[in-house]
Amino acid sequence: MRLSHRVWRGALSHAVALGLAVVCFASAAHASSLDTLEMFLKSTKSGRADFMQVVTAPAKAGQTRMRSKTSTGQFSFVRPTRFRFDYFKPFPQVIVADGQTLWLYDADLEQVTARQQAQTLSSTPAALVATAVDVGTLQKEFNLEAQADADGLQWVQATPKNRDSTIQSVRLGLRVDGAQLSLSKLEILDVMGQHSVLSFERFEVNPANLGAASFNFVAPKGVSVIRP
């Protein structure tokens, strides 16, 4: 059981560190999904939301059902380079981008992994929120496609231009609610066929008490720090 937990942590970390996250913003009710994404990138400076993540692994040979796991926590960010995921259940884990370094802290394993942020995030789902300032910037790393509305959301699909990316595609589901628009879903499909869906709720737009200091990370004493 211990081994399976470690494998699962790796899957979650990969999906999110490559990834992940998002937010609410003002918009026009009749804008196309690409126009809505443009308004999101230009108007949202920071945000905080609760999230639920469901990761589904592809079925193996002989299996009739795909395996899925659910986790919950809180996501926050300050654009253009800082974000963090605090996982609460089923086990504690923290992923923090402080502007220079991407940190992954697994409390149960007493282990921290640190990577250079600039070399990790440019063509990943995290870039959709953490680095881009407009659609033009995103299009340097992604092919963007407006898709048909579905499930009450406007959808944009982003496909990495880098053929070596471990991500096949990312879909963003944008919800319009009067004058308020929010990123409700983030769907990530990786090259191994693993499907991750992040759903965001109770989003705070540009909260006054969220600053750069919220993304500082210091490795706890006694834990091993790995720098691949």
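Author: Let's begin with N206. At 35% relative accessibility, N206 counts as partly exposed, because partly exposed covers the range between under 20% for buried and over 50% for exposed. Keep in mind that this is a predicted model.

Reader: Where does N206 sit?

Author: N206 is in the loop between strand 12 and strand 13. N206 is not a glycine, yet its phi is positive, about 50°.

Reader: What about D151, buried or exposed?

Author: D151 is exposed, because its relative accessible area is 71% and the cut-off for exposed is over 50%. D151 belongs to the loop between strand 8 (142-150) and strand 9 (153-160). D151 also has a positive phi, of about 60°, without being a glycine.

Reader: New topic. How many aromatic pairs are there?

Author: A search of the whole structure finds 9 aromatic pairs. One of them is F51 with Y87: the ring centres are 5.2 Å apart and the planes are at 85°, so the pair is edge-to-face.

Reader: Where are F51 and Y87 in the chain?

Author: F51 is in strand 2 (residues 46-57) and Y87 is in strand 4 (residues 82-89), 36 residues apart, and the pair links these distant parts of the chain. F51 is buried, with a relative accessible area of 4%, and Y87 counts as buried at 3%.

Reader: And what sort of pair do W103 and F217 make?

Author: A tilted one, because their planes are at 35°, with the ring centres 5.2 Å apart. W103 lies in strand 6 (residues 101-106) and F217 in the loop between strand 12 (195-205) and strand 13 (224-226), so the pair ties together parts 114 residues apart in sequence. Both W103 and F217 are buried.

Reader: Which residues do ring pairs link into a cluster?

Author: F51, F75, F77, F83, F85, Y87 and F200.

Reader: What lies over the face of W155?

Author: R171 does, at 4.0 Å from the ring centre.

Reader: Back to W103. What does T113 touch?

Author: Leaving out residues up to four places away in sequence, T113 touches L102, W103, L104, I226 and P228. T113 is in strand 7 (residues 111-116) and counts as buried at 13% relative accessibility.

Reader: Last one. Which residues does a cis peptide bond join at P80?

Author: R79 and P80, with omega about 15°. P80 is in the loop between strand 3 (67-78) and strand 4. A cis peptide bond also joins K89 and P90, with omega about 5°, and P90 lies in the loop between strand 4 and strand 5 (93-98).

Notes
Residues are numbered from 1 along each chain as its sequence is written. This is a predicted model: local features need pLDDT of at least 70, side-chain atom pairs count only at pLDDT 80 or more; totals for chains, interfaces and linings use all residues. Side-chain values use heavy atoms; hydrogens and water are left out. Helices (H or I, at least four residues) and strands (E, at least two) are DSSP runs, numbered from the N terminus. Buried means under 20% relative accessible area, exposed over 50%, partly exposed in between (1.4 Å probe, protein chains only). Contact means heavy atoms within 4.5 Å. Rings of Phe, Tyr and Trp (its six-membered ring) pair if their centres lie within 6.5 Å; planes under 30 degrees apart count as stacked, over 60 as edge-to-face and the rest as tilted. A charge sits over a ring if NZ of Lys or CZ of Arg is within 6 Å of the ring centre and within 35 degrees of the ring normal.
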